[in-house]
Amino acid sequence: MAVLDTVRVFNKHLLNPAMMRMAGRKHWYAAVIEHVGRHSGKKYATPVVAEQASDGFIIPLPYGTHTDWLRNVLAAGQATIRVHGETYEAVAPQIIDAATAAPRLNPRRRRAFDRFKVKSYLEMKPAPTPSAQR
């Protein structure tokens with residue numbers, strides 16, 4: 001766990017700022033999840049890997065379920081996801097296990113997530129469009 005915490009801190013302060021330059025762009029693997037701080041109300045953007053599924057998004061949680069960005073998304077019940085040059089409003093965040101996520105993931109990415117022993121994923125649904133709300 002200490003090694004994972006060290007990697008997490010390194011990524012948060014050094015790698016993530018660099019990743020934000022490319023995350024969410026059309027030909028880049030990383031996405032951006034935009035969320036609001038649950039205490040501060042401040043807007044944040046965090047690079048993540050977001051797999052588009054037929055019914056929304058699946059985001060691996062390699063650092064577990066206690067990261068600030070995840071707690072913010074769960075508290076708000078929504079977030080904006082920028083992936084492959086497109087922006088989506090997403091709602092209904094739910095933590096799911098690897099077995100539930102596996103059939104909905106690209107096989108190559110699933111193998112990579114398995115190698116990193118990702119046990120939990122965030123599932124989000126696309127927000128209803130205004131015409132769908134009628």
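Me: How many aromatic pairs does a search of the whole structure find, and what counts as one?
Reply: In general, rings of Phe, Tyr and Trp (its six-membered ring) form a pair if their centres lie within 6.5 Å, and the planes are called stacked under 30 degrees apart, edge-to-face over 60, and tilted for the rest. Here the search of the whole structure gives 2 aromatic pairs. One of them joins F113 and Y121, which are edge-to-face at 6.0 Å centre to centre, with 65° between the planes.

Me: What kind of model is this, and how are residues numbered?
Reply: This is a predicted model, in which local features need pLDDT of at least 70 and side-chain atom pairs count only at pLDDT 80 or more, while totals for chains, interfaces and linings use all residues. Residues are numbered from 1 along each chain as its sequence is written, and side-chain values use heavy atoms, with hydrogens and water left out.

Me: Are F113 and Y121 buried or exposed?
Reply: The terms rest on relative accessible area, with buried meaning under 20%, exposed over 50% and partly exposed in between (1.4 Å probe, protein chains only). By that rule both F113 and Y121 are buried, and in the protein chain of 134 residues, buried residues make up 34%.

Me: Which residues have the most contacts inside the largest nonpolar core?
Reply: A nonpolar core is a set of buried Ala, Val, Leu, Ile, Met, Phe, Trp, Tyr and Cys residues joined through side-chain atoms within 4.5 Å. The largest one has 16 residues, and those with the most contacts inside it are I33, I59, W69, V73, I81, L122 and M124. Two or more residues come from each of β1 (31-36), β4 (56-60), α2 (68-76), β5 (78-83) and β7 (120-126). Apart from it lies another core, of 9 residues, among them I58, I96, F113 and V118.

Me: Which residues does I59 touch?
Reply: Contact means heavy atoms within 4.5 Å. Leaving aside residues up to four places away in sequence, I59 touches I33, V48, V49, A50, W69, I81, Y121 and L122.

Me: In what sense do β1 and β5 pair, and over how many bridges?
Reply: Helices (H or I, at least four residues) and strands (E, at least two) are DSSP runs, numbered from the N terminus, and two strands pair if DSSP finds at least two bridges between them. β1 and β5 pair in the antiparallel sense over 3 bridges, and β1 also pairs with strand β2 (residues 43-48) in the antiparallel sense, over 6 bridges. E34 has a bridge partner in β5, T80, and another in β2, A45. In the hairpin of β1 and β2, which has 6 residues between the strands, G41 takes a positive phi near 75°.

Me: Why does H35 count as buried?
Reply: H35 lies in strand β1, and H35 counts as buried because its relative accessibility is 6%. A polar contact, meaning a pair of N or O atoms within 3.5 Å (within protein, one must be able to donate a hydrogen and the other to accept it, and residues adjacent in sequence count only if both atoms are side-chain atoms), joins the side chains of H35 and N72 at 3.2 Å. Not counting residues up to four places away in sequence, H35 touches K42, K43, Y44, A45, T46, W69, N72 and V73.
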